[in-house]
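Biologist: Could you walk me through the structure below, taking the aromatic residues and then the core and a pocket?

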Amino acid sequence: MNSITIPGNSTDLFPLNGASANANLNRLGGFGSDLYYDRANNVFYGLADRGPGGGTIDYDIRVQKFSLDVDPHTGAISNFSLLSTILLTDAKGKNFDGLDPVKLNGNPTILGRSLDPEGLAIAPNGNFYVSDEYGPAVKEFTPDGKLVREFTTPKNLLPVDDKGNVNYTTTDDSVKFVSGRQGNRGFEGLAINPDGSKLFALLQDPLTEEGSPDGRSSRNIRLVVFDTKTGQSTAQYIYPLESIADINDRIPGTNNDFKSTQQGRNIGISAITALNDTELLVLERDNRGVGVDDPLSKNPVGSKRTFKIDLTGATDVSNIRLAGSNVLPAGVTPVSKSLYFDIAAELKAAGVLIPEKMEGLAIGPKLADGSYVILVATDNDFSVTQNSTGLQFDVCSDGTQVPLGTSCPSGTALLPSYLFAFKATAEELHGFIPQESAAVPEPTAITGLALAGVSGVWLKRRREKGEQ
């Protein structure tokens with residue numbers, strides 16, 4: 001295993017000068033929403049989320065295209081080079097914005113250009129598929145970022161408030177949701193099958209009403225399959241989160257255990273990638289580790305793991321409600337699931353602090369011995385937090401909070417983000433069918449040379465199977 005550190009003050013290629021997190025400037029913010037490897041063109045795409053401030057700061061949504069050097073024998077990554085910054089726009093050329101729908105549109109029933117991007121996949125023709133947490137929704141864009149179409153979200157996933165209205169807000173805690181996705185828990189993972197005919201979209205956590213007393217106590221997340229030709233969903237399956245009891249067993253003592261109501265809220269999925277038409281890798285995590293809410297990592301980490309799942313034999317629950325129970329009804333079979341590798345254990349063994357938000361997952365280049373690189377990207381939330389009144393602050397590595405755009409104390413810096421590389425043998429990736437995308441023309445985007453200030457560090461690799 002090895003990693004690349006991307007400093008918190010790194011900038012993208014947006015045409016503004018400065019690394020402040022203020023409105024629409026160009027702090028890079030990592031690739032924590034998702035990561036995608038285009039193996040036909042040997043380039044990577046990264047997606048940050050809705051920008052700094054959790055939907056309270058105006059931010060033009062963008063995709064970052066970059067390259068890495070990958071050692072063909074060890075899989076070590078180095079030489080991060082940002083190639084282009086691609087802004088996402090609607091059909092009229094207006095930018096999609098990270099602002100909460102109420103703040104952007106003045107109406108919680110209108111999604112409009114509000115976009116909280118969390119998943120990224122690329123079609124054989126080079127188009128981007130982006131999943132959205134606000135909706136939840138899936139949108140398709142051209143390689144230069146122009147909206148092509150929106151997929152049809154299954155009605156049972158749409159957030160409905162206690163007045164019976166579809167309500168897309170995520171920043172108003174006074175709104176009571178009664179069904180559909182939980183607040184800020186929409187489509188977190190997005191993957192495409194090898195021939196590009198299917199998209200797999202996975203919610204971050206259970207639906208509001210699907211649990212006892214609600215989704216916060218449930219393990220059962222919905223995975224939606226879309227037909228890319230029609231934009232319609234064809235099936236829904238249940239993905240079971242790891243049980244809170246098993247996660248708590250890995251935490252020393254009991255003082256820091258997760259509560260039962262945190263099962264379907266503080267534990268969730270972050271990213272998915274397809275192995276073939278029925279098997280996928282899923283990145284699952286808790287909300288602990290180094291991040292803007294805990295820069296010194298005082299709370300013990302319980303879960304940063306990847307699982308292999310198989311849809312074969314799972315029940316289509318498109319027309320089945322799971323309200324009022326944390327147990328699946330008789331006759332409903334979830335996707336099969338097994339541990340693939342434990343990211344937290346790997347990092348702990350290497351003496352590395354564990355970041356909170358591991359949000360991007362991609363199967364990278366094939367190596368000389370037939371193995372593959374698996375990459376995991378982290379999200380540093382643009383190194384920005386906010387207080388109870390919504391006032392924003394930059395977060396420094398010693399935990400100090402300073403006004404946006406001001407300097408951290410001497411010897412400290414903004415929280416960085418990371419790219420981690422793991423090596424997986426062909427046997428460990430049994431069943432993997434690489435997607436071969438057609439070469440596409442360079443998009444009209446903001447381009448540039450290598451990003452300054454990016455460093456790589458080699459770490460000792462130790463796999464869970466005992467390989468030394």
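**Aromatic pairs, core and pocket**

Modeller: Bearing in mind that this is a predicted model, I would begin with phenylalanine 420, which counts as buried because its relative accessibility is 1%, under the 20% limit.

Biologist: And tyrosine 418, how does that one count, buried or exposed or in between?

Modeller: Tyrosine 418 is partly exposed, with a relative accessible area of 26%.

Biologist: How many aromatic pairs turn up in the whole structure?

Modeller: A search of the whole structure gives 15 aromatic pairs. In one of them, phenylalanine 96 and phenylalanine 141 have ring centres 5.5 Å apart and planes at 85°, so the pair is edge-to-face. Phenylalanine 96 sits in the loop between strand 5 (77-87) and helix 1 (101-105), while phenylalanine 141 belongs to strand 8 (residues 137-141), so the pair ties together parts that are 45 residues apart in sequence. Phenylalanine 96 and phenylalanine 141 are both buried. The rings of tyrosine 418 and phenylalanine 420, by contrast, have centres 5.7 Å apart and planes at 20°, so that pair is stacked.

Biologist: Switching to the largest nonpolar core, which residues touch the most other members?

Modeller: Of its 62 residues, those touching the most other members are Tyr45, Leu88, Phe128, Leu199, Phe200, Tyr239 and Leu311. There is also a second, separate core of 23 residues, with Leu275 and Ile343 among them.

Biologist: What about the second largest pocket, which residues lie nearest its centre?

Modeller: The second largest pocket holds about 340 Å³ of space, and of its 15 lining residues Arg250, Val301, Ala344, Lys348 and Ile354 lie nearest the centre. Helix 3 (residues 343-349) supplies the largest share of that lining, three residues.

How values were computed
Residues are numbered from 1 along each chain as its sequence is written. This is a predicted model: local features need pLDDT of at least 70, side-chain atom pairs count only at pLDDT 80 or more; totals for chains, interfaces and linings use all residues. Side-chain values use heavy atoms; hydrogens and water are left out. On a 1 Å grid over the protein atoms alone, a cavity is a set of points where a 1.4 Å probe fits but cannot get out, and a pocket is an open set with protein on both sides within 12 Å along at least five of seven lines; lining residues have an atom within 4 Å of a point. Grid points are joined across faces, edges and corners, and a volume is the space filled by probe spheres set on the points. Helices (H or I, at least four residues) and strands (E, at least two) are DSSP runs, numbered from the N terminus. A nonpolar core is a set of buried Ala, Val, Leu, Ile, Met, Phe, Trp, Tyr and Cys residues joined through side-chain atoms within 4.5 Å. Buried means under 20% relative accessible area, exposed over 50%, partly exposed in between (1.4 Å probe, protein chains only). Rings of Phe, Tyr and Trp (its six-membered ring) pair if their centres lie within 6.5 Å; planes under 30 degrees apart count as stacked, over 60 as edge-to-face and the rest as tilted.
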